[in-house]
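Please read them with the model open.

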Amino acid sequence: MSVSPRIAIADTCFIIDWARYRNREIIFRVFDIVFIPEAVLREIKSGTTITWVARWLASGKLSLYTESDDEVEESRSLIIRSRRISHMIPVDLPEALCIVIGRRKGYTVLTENKGAIMATDIFDEYRGVIVWRALEILLTAQLEGVLSVECSDSSKVFKEYEEDTLHIFPRRDLIEAVSRIEQEICRQRGART
Amino acid sequence: MSRKYVDKEELEHRIRRWAELEEEARRIRREMADWEFIEKQEPRIKEALKYYIEKGDIRRASMLAGVDLEAFRDLLRKARIPVIV
């Protein structure tokens, strides 16, 4: 039985935070391939991030995505729509491309850009796009055994990410993720002992 | 009730929910920020950091600061302003 590869496309806000995380390599155990659009690569400037991106581009686990004219056109339309809604953080080309490509190809969109997350909630045609933040990657990595869980401190992995990046997960989402770890990992461990 | 009306109502509900979440994030950014560091910055950077605290919009904030996105992300870390997503 063949299993479909798990493919993601990452935007700039995600990459620049993730590259600072101590266990950043685990992303390639959660996803088979992670694409970055050319528009995203052009925004990456720091040595730390470039070194990490270059290493994984060379390995083939990270791959450059060349956006088509059609994808750019749809992304520009999404940008304009996002700017027409008051109270919405507007999206710009790099994250708009990720959303459009995610919808068309079925890739998981990796972003820490609030405007991008809002867009996939507010615009009906993009509501089916799967959007993951670092929170969902860290949760999945623990549920799938890529990262080990310390049941004496089941929020440890999330706290480490917050420390490394000064990125804070919304408390409600964090509580929900930790609760899943406790229910699906720690409770089972407890039942076995 | 027309379909269009339902869509508008639902859209307003979604936007209102996001506005509430953003209000909470704004409060945390204000509380955690190192205001002494912010006030010491040159005017352009200072205003960009304050804009980010209020709006949570990293792209426009980095444009205001006149630096690229990654450099602005570093400024946020130095100013102890969290990104809450």
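**Notes on the two chains**

1. The crossing of α6(A) and α7(A) is right-handed; a crossing counts as right-handed if the near helix is turned clockwise from the far one by less than a right angle, and as left-handed if anticlockwise. The names follow DSSP runs numbered from the N terminus, with helices (H or I) of at least four residues and strands (E) of at least two. Helix α6 covers residues 93-105 of chain A and helix α7 covers residues 114-122 of chain A; the two pack at an angle of about 35°, their axes 10 Å apart. Axes here are lines fitted to C-alpha atoms, for helices over the stretch in contact, and angles between N-to-C directions run from 0 to 180 degrees.

2. This is a predicted model, in which local features need pLDDT of at least 70 and side-chain atom pairs count only at pLDDT 80 or more, while totals for chains, interfaces and linings use all residues. Residues are numbered from 1 along each chain as its sequence is written, and chains are lettered from A and ligands numbered from 1 in the order in which they are written.

3. Which residues bring α6(A) and α7(A) together? From α6(A) come A:Glu95, A:Cys98 and A:Ile99, and they meet A:Gly115, A:Ala116, A:Ala119 and A:Thr120 of α7(A). Contact means that the C-beta atoms of two residues, placed from the backbone, lie within 7 Å. Sorted by class, this helix contact holds four nonpolar residues, two polar and one charged. The nonpolar class is Ala, Val, Leu, Ile, Met, Phe, Trp, Tyr, Cys and Pro, the charged class is Asp, Glu, Lys and Arg, and the others, Gly among them, are polar.

4. Chain A has 10 helices and six strands. Its radius of gyration is 17 Å, close to the 16 Å that the globule rule gives for 193 residues, so chain A is as compact as a globular protein of that length. The radius is taken over C-alpha atoms, and the rule is 2.2 Å times the number of residues to the power 0.38. Along the principal axes, the C-alpha atoms of chain A fill a box of roughly 55 × 40 × 40 Å.

5. Chain A contains an open sheet of five strands in the order β3-β2-β1-β4-β5, with parallel pairing. Two strands pair if DSSP finds at least two bridges between them. The edge strands are β3 (62-65) and β5 (131-132) of chain A, each pairing on one side only.

6. Within this sheet, β1 (residues 7-10) of chain A is joined to β2 (residues 33-37) of chain A by three bridges, and A:Ile7 has A:Ile33 as its bridge partner. β1(A) also pairs with β4 (residues 108-110) of chain A over three bridges, where A:Ala10 stands opposite A:Leu110. Two bridges link β4(A) to β5(A) in the parallel sense, and the partner of A:Val109 is A:Val131. Helix α6(A) lies across β1, β2, β3 and β4 of chain A, at about 165° to β4(A).

7. Chain A is divided into domain 1 (7-132) and domain 2 (134-192), with bounds from an automatic or database domain assignment. Their centres, taken over C-alpha atoms, are 23 Å apart. In the contact between them, 12 residues of domain 1 of chain A touch 12 residues of domain 2 of chain A. On the domain 1 side, α1 (12-18) and α2 (27-30) of chain A each supply at least two residues, and α2(A) gives the largest share, three residues. That side divides into six nonpolar, one polar and five charged residues.

8. Chain B has five helices and one strand, following the pattern α-α-α-α-α-β along the sequence. Its radius of gyration is 16 Å, well over the 12 Å that the globule rule gives for 85 residues, so chain B is more spread out than a compact globule. The C-alpha atoms of chain B fill a box of roughly 55 × 25 × 20 Å along the principal axes.

9. Where the chains meet, 20 residues of chain B are in contact with 25 residues of chain A. On the chain B side, α1 (3-32), α4 (58-65), α5 (69-78) and β1 (83-84) each supply at least two residues, and α1(B) gives the most, six residues. By class, this side has 12 nonpolar, one polar and seven charged residues.

10. Strand pairing also links the chains: β6 (residues 167-168) of chain A and β1(B) run parallel and are joined by two bridges. In this pairing, A:Ile168 stands opposite B:Ile84.
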